[in-house]
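Thanks for making time this morning. I would like to walk you through one model, taking a loop, a metal site and a helix in turn.

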Amino acid sequence: MKETPQELKIHNNMKKGMISVTGFLGDDERHYHEIIADDKKNLEKIGLSADKIADRLEYFSRKAFPVYDGTTIIDEIYQVEYRSYRGRIMCPFGHGGGYRKGEITLVNLQNNARLCWTPLNEHMIRTHCFFEGVGSNHRLDPEIIKKALF
Ligand SMILES: [Zn+2]
């Protein structure tokens with residue numbers, strides 16, 4: 001596939017040690033375009049949109065953010081913990097400003113499905129339909145999202 005200079009830059013940004021120590025691609029050898037295209041198909045299969053998922057992730061991170069001490073239970077069945085870190089992280093697609101560093105862990109106490117994500121994931125899902133490569137630290141599998149949150 002022929003890449004534009006812009007796409008090449010994005011692809012490089014996603015590699016280990018560029019914007020994030022662990023990168024966004026994991027051991028996934030697909031181009032990020034393919035990762036996005038495949039996840040769009042996955043979303044169609046399970047009947048969810050990137051917006052709906054981002055809304056749901058934001059709903060939990062907003063509620064959990066003000067809880068400083070350990071975990072909180074939201075809507076009776078979601079155990080959520082927000083760990084906040086100093087600083088901001090850039091979007092690998094080149095959006096300025098940066099996104100708050102932090103990590104949200106959620107366990108659905110009804111079925112034990114577990115998710116772990118960052119504020120940057122919320123942005124990348126909503127704006128780029130990018131769920132990260134398979135094997136990446138914060139890869140969010142749409143089917144697991146469905147099981148955990150819907
Ligand atoms: Zn972006």
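When I speak of strands here, I mean DSSP runs of E that are at least two residues long, numbered from the N terminus. Please keep in mind throughout that this is a predicted model.

Let me begin with Glu 76, which sits in the loop that joins β1 (72–74) to β2 (78–89). Is Glu 76 buried or exposed? Its relative accessible area is 73%, and since the cut-off for exposed is over 50%, Glu 76 counts as exposed. Between the C-alpha atoms of Glu 76 and Glu 3, which are 73 residues apart along the chain, the separation is 47 Å.

Now to the metal. The zinc ion has as its protein donors Cys 91 through SG, His 95 through ND1, and His 123 and His 128 through NE2, at 2.0 to 2.3 Å. The angles among these four donor atoms run from 103 to 121 degrees, and the site is tetrahedral. Along the sequence, the donor residues follow the spacing C-x3-H-x27-H-x4-H. Because Cys 91 belongs to the loop between β2 and β3 (99–108) while His 123 belongs to helix α4 (residues 119–128), this pair ties together parts that are 32 residues apart in sequence. Cys 91 is buried, at 1% relative accessible area, and His 123 is buried too, at 11%.

Finally, helix α1 (residues 5–13), where Glu 7, Ile 10, His 11 and Asn 13 are buried. These residues cover an arc of only 160 degrees around the axis, and they therefore lie on the same side of α1. The face turned away from that buried side carries the exposed Pro 5 and Lys 9, whereas the cover over the buried residues includes α2 (32–46).

Note on methods:
Residues are numbered from 1 along each chain as its sequence is written. This is a predicted model: local features need pLDDT of at least 70, side-chain atom pairs count only at pLDDT 80 or more; totals for chains, interfaces and linings use all residues. Side-chain values use heavy atoms; hydrogens and water are left out. Helices (H or I, at least four residues) and strands (E, at least two) are DSSP runs, numbered from the N terminus. Buried means under 20% relative accessible area, exposed over 50%, partly exposed in between (1.4 Å probe, protein chains only). Donors are N, O and S atoms within 2.8 Å of the metal (3.2 Å for Na, K and Ca); water is not among the atoms, so sites may look incomplete. Four donors count as tetrahedral if all angles lie between 85 and 135 degrees; four count as square planar and six as octahedral if opposite donors are over 155 degrees apart and all others between 65 and 115; anything else is irregular. The arc is that of the directions from the helix axis to the C-beta atoms. Contact means heavy atoms within 4.5 Å.
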